[in-house]
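Good morning, and thank you for coming.

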Protein chains: 2
Amino acid sequence: MKIGVLGAGQLGRMLALAGYPLAKDFVFYDMSGNPSAGIGETIVDPEGTRLGDFLSQVDRVTYEFEHLPVEVASELEKHKPVHPCPRALEVCQNREAEKTLFGQLGIPTPKWQVADNAATLKAAAKSLGCPVVAKSITEGYDGKGQAVLRSPEEAEQAWQSIGHPRVIVEKFVDFRREVSIIAVRGEDGDVAFYPMAENTHHEGILRYSIAPAPDLQPHIQADAEGYIKALLNELNYVGVLTLELFETKDGLMANEMAPRVHNSGHWTIEGAMTSQFENHVRAVSGHPLGNVSARGLSCMINIIGEHGDIERILELPYAHLHLYNKGERPGRKLGHVNVLADSYEELVWRVKNCAEFLPGCPDFISSLTAKG
Amino acid sequence: MKIGVLGAGQLGRMLALAGYPLAKDFVFYDMSGNPSAGIGETIVDPEGTRLGDFLSQVDRVTYEFEHLPVEVASELEKHKPVHPCPRALEVCQNREAEKTLFGQLGIPTPKWQVADNAATLKAAAKSLGCPVVAKSITEGYDGKGQAVLRSPEEAEQAWQSIGHPRVIVEKFVDFRREVSIIAVRGEDGDVAFYPMAENTHHEGILRYSIAPAPDLQPHIQADAEGYIKALLNELNYVGVLTLELFETKDGLMANEMAPRVHNSGHWTIEGAMTSQFENHVRAVSGHPLGNVSARGLSCMINIIGEHGDIERILELPYAHLHLYNKGERPGRKLGHVNVLADSYEELVWRVKNCAEFLPGCPDFISSLTAKG
């Protein structure tokens, strides 16, 4: 079976690495002109004229990023199975549609309003109570098109800086930490949930994910499973779905979802019985889902901008290196290191040790070390 | 770094799958006209005219099978680093040279003699005491070019059936079981040893490997490590080396070595901290070696000839499927399943369960079940 992947970055690369042992082959379709998967076949098509060529070569279609035109996915769906469904893309590309769906399914979110000019943005900031964050409805990616308002008076400046005709305004949440849940749904409707991860961001980029999230009350995992299951079933979703949440003293609040394998699930390569990548390939191919149990405790450390001292990392007996074979550039995700341990205490020690060899790796601040 | 692999079968495929996360790329050189790696780039060259092309594309050279002309490896070595060294190939291609080296290094073997006609074969059978096995000195592979003599009178017929100008005659060993040790040596001379595996063959083909080998006395592992270390250092070897042995009531006896990753080490993909494939890539690339510790208990089951009920195997929460994407053919290795467990009792149960879905999978006879 040949799987067509829309997008050709590191997520596609890792999907392929997990899919070869299931006898799958891969064709990537790249619209950026800058593919980096470096495996399988890649059709580079910035002009968008070779979609038919792509389609003729593949049995199933999936994607590794959600910022592709919904029309493209819908057109493809007329000819070959496309998983996840284009509607999932549509929802994820529009923060208003996403938050509306969360509300309809009873998934709690921070309070939000929509604004379509500086005046309504100011009114929303007043009504919600500052600080608030304003985000463009569409095309948001890694912190772009966002502004924080510390008072309603900053509305005019924020509106100009965002430069988008419609924004969503969200009240700040006093959260204990950021977490995520990754789930997978098969063609037969079967669903499996990975243990949640605790995520640490720095300058808008994910830096660390610890899984299973330390000190997590069972009812929090159960709540998250309920929320993501509602999304999966509502969308008749096939494949891996990620839901990013805030953990507050009153429970979880959903931030956003991603209709794909996710950086906060990279720990699953060695840290779970079946990786998120293999499970996505299984689901998209119509196979049964794999076991999502954790194998011990994991921390994923992103390698950002510079590679650091790779040879020293290779010497660490508890570290697994995953490079994406990309050139160095500030803020670019170049790879990740999965650190394994049997206790959180040991995990923290190992992560700190490993991070010493990664330049620009921020302090390891997790609920673990905050307590210690 | 681009690694050139001589041979393009499933071992090369798994080397590549392990090497991509270390930012390696792969070019395979296939002389058979029938490559199956299905990943990276493959130069198919049955005429042997494109070796220069291969060489110009790669930074280092390794191989995935030992039946390639030593001259080819030696020629390549003049231009690019070749690991393991051609001398390792030379030794492995000649049973007499191999057994002689074992003897020089103090590695015990079954008693053996050389014969170069039916009369000397008969004399050897008489002198060693039947039963003996006669094997062609070169080109032996998976049981071909071999004959068992139950009495010296069978010498003429055996000689005809082998059809080779020189054979090695070995006395049968009364062994408890077949085992193997896999070790890896880095460019800096650092050496690491995997826990030994217990191997079950059927019709000359490996069927099951359990690792760490159950009920193994520590001094047996230590003996095996001493033997393989002597070989690695003598050959100034870089990469993964496999030594197959018989375990007898008097200790270990070496059977043969393979200068490459080995079927009895496929369990390391999920069953060890670093797989044999990753460690070979690390060594060949000049990186530090990875941790060879086991993660729990593993059994590797080969999928031979027919695929069986793959969907049922994918349902098993403790099984990891590795398909080679090859067509079915009697006796052909099509893939393997790694079964994990925390106790040998559980492992046996799981392996038996899994084997039910693999047609032609022989009874699971190990020292474990023999005792149970």
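I shall speak about salt bridges, then helix packing, and then some local features of the backbone.

First, the conventions. This is a predicted model, in which local features need pLDDT of at least 70 and side-chain atom pairs count only at pLDDT 80 or more, while totals for chains, interfaces and linings use all residues. Residues are numbered from 1 along each chain as its sequence is written, chains are lettered from A and ligands numbered from 1 in the order in which they are written, and side-chain values use heavy atoms, with hydrogens and water left out.

Let me begin with the charged pairs. By salt bridge I mean a side-chain nitrogen of Lys or Arg within 4 Å of a carboxyl oxygen of Asp or Glu. Over all chains, the structure holds 36 salt bridges. One of them joins the side chains of Glu234(A) and Arg87(A), at 3.2 Å from N to O. Glu234(A) belongs to helix α8 (residues 218-234) of chain A and Arg87(A) to helix α4 (residues 86-92) of chain A, so this pair ties together parts that are 147 residues apart in sequence. Helices here are DSSP runs of H or I with at least four residues, strands are runs of E with at least two, and both are numbered from the N terminus. As for accessibility, buried means under 20% relative accessible area, exposed means over 50%, and partly exposed lies in between, with a 1.4 Å probe and protein chains only. Glu234(A) is partly exposed at 37%, and Arg87(A) is partly exposed at 37% as well.

In chain B, Glu187(B) forms a salt bridge with Arg60(B), with the closest N and O atoms 2.7 Å apart. This pair links distant parts of the chain, 127 residues apart: Glu187(B) sits in the loop between β9 (175-185) and β10 (191-193) of chain B, and Arg60(B) in strand β4 (residues 60-63) of chain B. Are these two residues buried or exposed, or in between? Glu187(B) is partly exposed, at 40% relative accessibility, whereas Arg60(B) is buried, at 16%.

Another salt bridge in chain B is that of Arg166(B) with Glu96(B), whose closest N and O atoms are 2.7 Å apart. Here the partners are 70 residues apart, Arg166(B) being in the loop between α7 (155-162) and β8 (167-171) of chain B and Glu96(B) in helix α5 (residues 95-104) of chain B. Arg166(B) is partly exposed, with 32% relative accessibility.

I turn to helix packing in chain A. Helix α1 (residues 10-19) and helix α10 (residues 276-285) of chain A pack at an angle of about 75°, with their axes 8 Å apart. Axes are lines fitted to C-alpha atoms, for helices over the stretch in contact, and angles run from 0 to 180 degrees between N-to-C directions. α1(A) is therefore roughly perpendicular to α10(A). On this scale, angles under 35 degrees count as roughly parallel, over 145 as roughly antiparallel, 65 to 115 as roughly perpendicular, and the rest as oblique. With contact taken as heavy atoms within 4.5 Å, which residues of α1(A) meet α10(A)? They are Leu11(A), Met14(A), Leu15(A), Ala18(A) and Gly19(A), and they meet Phe277(A), Glu278(A), His280(A) and Val281(A) in α10(A).

Helix α6 (residues 118-128) of chain A packs against helix α7 (residues 155-162) of chain A at about 125°, again with axes 8 Å apart. These two helices, α6(A) and α7(A), are therefore oblique to each other. In α6(A), Ala118(A), Leu121(A) and Lys122(A) meet Ala155(A), Glu156(A), Ala158(A) and Trp159(A) in α7(A).

In chain B, helix α1 (residues 10-19) is mostly covered, since 10 of its 10 residues are buried.

Finally, the backbone. The peptide bond from His83(A) to Pro84(A) is cis, with omega near -10°, and Pro84(A) lies in the loop between α3 (70-77) and α4 of chain A. A cis peptide bond also joins Ala211(A) and Pro212(A), with omega about -10°; Pro212(A) is in the loop between β12 (205-211) and α8 of chain A.

Asn236(B) is not a glycine, yet has a positive phi of about 50°. Asn236(B) is in the loop between α8 and β13 (239-248) of chain B, and is exposed at 54% relative accessibility. Asn325(B) likewise has a positive phi, of about 60°. The loop that holds Asn325(B) runs between β16 (319-323) and β17 (333-341) of chain B, and Asn325(B) is partly exposed, with a relative accessible area of 36%.

Conventions. Contact means heavy atoms within 4.5 Å.
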